[in-house]
Amino acid sequence: MALIAMKDVTIAFEGAVAVDRVSLEVERGDYLVIVGENGSGKSTLMRAMLGLVKPRSGRIVYGDGLVKNRIGYLPQQTAAQRDFPASVEEVVLSGCVNRMGRLFFYGRVEKEKALNNMRLLDIERMRKKSYRTLSGGQQQRALLARALCATDAILLLDEPVTGLDPAAAQEFYDVIRELNRVHRVAVVMVSHDIGGALRDANKVLVMDRGMDFFGSAAEYRERFTEGKVSANG
Amino acid sequence: MGDLLRRALMKRPGKTPGRRAAAVLWIALALVALWLILHARDIAAMFAAFGLYLKQGYIVRALLVGTMVSLCASLLGVTLVLKRYSMIGDGLSHVGFGALTAAKALGYVTAASLPGFLPEGLRNGLAGLFAAIADSPLPFTLVVVMLCAFLLLRISERSSMRGDSAIALISTSALAVGVIITSKTSGMNGEVSNYMFGSILAKSSSDVWLSVSLSAVVLVLFILFYPRIFAVTFDESFARATGVKAGTYNMLVAMLTAMTVVVGMRMMGTLLISSLIIFPALSSMRVFSRFRSVTISSAVISVVCFVVGMMLSCVYSMPTGAGIVAVNLVVFLAFSAVGAARA
């Protein structure tokens, strides 16, 4: 059974359709990249997977042990966040907020979880450092560690390499690949950087409000690179 | 000659603008310290004079309430400033002013002045209720301000109007209503000036109990929900995605702010209460870079500034609110200097 299954999901804002009849499944171990132009509905689709926007019609079903709210989300950073006075530790620990239940404070389990994720992403030595003094790549690692605190099964990344320099972006992709291959975390990534994002993906969705293309990464390469070749020749 | 002049005016290497600003601030601080040392005897006399004031019941009451309010305001201030909501305190205090004058004006309503078609029992009852509200206006003001806080949040969440415009709209309207009501009833007198700029004499003992219990509620709720408030302040989208009811916590913070503003505005004055929310958080962020350090530092700064401001106000008979704001400004400059020097 799939972690997330969408069936004919349509989302509209004030009458304008943003996402039109999208059906897809994300299974354990999948690496799905969603591409498309600005305003093609890819970020909206991701927000629907998270339960932040309600679809007008269609169904979203969580399965294979995945519970709603136990999804690791890496949103686009806001300007206010970049100079927020918080230590890396505080940021990562805040990912455990969905594990507290009825308790008021973080317990030993949550603190250990946060520490393990900081080790995993190699930011443990800067855990006392201030988030605002980190480089862009380090900030993304901290937010990734926070997202991993919220989930064991699936990461949703919204344009994670925007604003990173090429080296930092490559490093970020490597981390995601390791999480996907070694730790079997399913990845859903919205991206503008098609080349970089596709390298490790196994599924691709091209959005244009509706589904322009949905298939394996191999099929995507075949279709679109061949198209280019024939156009050239 | 020209070459010499140019070289003299040129920036010295290694001195960035930030560094130079820090140097200026450090010199200013050194001058302040020098002044304090030279006036050590006066300062000792001030402490002695303040000791005498402490024998007065109303000063002790004001100290108690003021400390609690400063604590609450500074804690809420950290999240309000970071969420770019700092002006909500200012807006709510103006609403509080309007509500307070309205409550006072209700005291002028008598059973005879109510419309004649109402039964006499109802007229007497209403007149009694109005007199009670005018006599102790704090609960009434609290209800109105909390309602407005609710409204403000809803407007900025749901409508196309931006949050800051909504605040400006509501606060100036409330101020206008308050001024009109005052001029039509008691007229612009010393009491109105007290509402505007604050007075330590403004607390009756029933007000004190209400104020202290409200502040205690604010403190307890803030501490209990600290992890969730951090999550929502840092990243609302993430918090929502992980099932935190961010809207509820925004509302909680707005309600706690409303309570703090109402309790504090009689002492600080309508025009100055928002400084209690903004200043300690801003000062702390100059120096500290962790959320918990910023929070603790804000609380400490706020209480210290309040006590020092209160002393100045007693001994030199300054308006209390203005004195506290002035002390806060000095601390802000000092923390900026330290922050700039470390950067």
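Me: What makes a residue pair count as a polar contact between chain A and chain B?
Reply: A polar contact is a pair of N or O atoms within 3.5 Å, where one must be able to donate a hydrogen and the other to accept it. In this predicted model, eleven residue pairs are in polar contact between chain A and chain B, with both residues at pLDDT 80 or more.

Me: Which elements of chain A give two or more residues to the side that touches chain B?
Reply: They are α2 (79-82), α3 (88-93) and α5 (136-150) of chain A. Of these, α5(A) gives the most, with four residues. By class, that side of chain A has 20 nonpolar, eight polar and five charged residues.

Me: Why is the pair R146(A) and D235(B) called a salt bridge?
Reply: The closest N and O atoms of R146(A) and D235(B) are 2.8 Å apart. The cut-off is 4 Å between a side-chain nitrogen of Lys or Arg and a carboxyl oxygen of Asp or Glu, so the pair qualifies. Across the interface of chain A and chain B, the rule finds one salt bridge.

Me: How many salt bridges are there over all chains?
Reply: The count comes to 16. One of them joins the side chains of D64(A) and R28(A), at 3.1 Å from N to O.

Me: Why can the pair D64(A) and R28(A) be said to tie parts together?
Reply: D64(A) lies in the loop between β4 (57-62) and β5 (72-74) of chain A, while R28(A) lies in the loop between β2 (16-26) and β3 (31-36), so the pair ties together parts that are 36 residues apart in sequence.

Me: Why is D64(A) called partly exposed?
Reply: The relative accessible area of D64(A) is 32%. Buried means under 20% and exposed means over 50%, so a value in between is called partly exposed. R28(A), at 40%, also counts as partly exposed.

Me: What does the salt bridge of K42(A) and E159(A) tie together?
Reply: The side chains of K42(A) and E159(A) meet at 3.8 Å, N to O. K42(A) lies in helix α1 (residues 42-49) of chain A and E159(A) in the loop between β6 (154-158) and α6 (166-181), so the pair ties together parts that are 117 residues apart in sequence. Both K42(A) and E159(A) are buried.

Me: How far apart in helix α6 of chain A are R177(A) and D174(A)?
Reply: R177(A) and D174(A) are three residues apart, so about one helical turn separates them. The two form a salt bridge, with the closest N and O atoms 3.7 Å apart.

Definitions and conventions
Residues are numbered from 1 along each chain as its sequence is written. Chains are lettered from A and ligands numbered from 1 in the order in which they are written. This is a predicted model: local features need pLDDT of at least 70, side-chain atom pairs count only at pLDDT 80 or more; totals for chains, interfaces and linings use all residues. Side-chain values use heavy atoms; hydrogens and water are left out. A polar contact is a pair of N or O atoms within 3.5 Å; within protein, one must be able to donate a hydrogen and the other to accept it, and residues adjacent in sequence count only if both atoms are side-chain atoms. Ala, Val, Leu, Ile, Met, Phe, Trp, Tyr, Cys and Pro count as nonpolar, Asp, Glu, Lys and Arg as charged, and the others, Gly among them, as polar. Buried means under 20% relative accessible area, exposed over 50%, partly exposed in between (1.4 Å probe, protein chains only).
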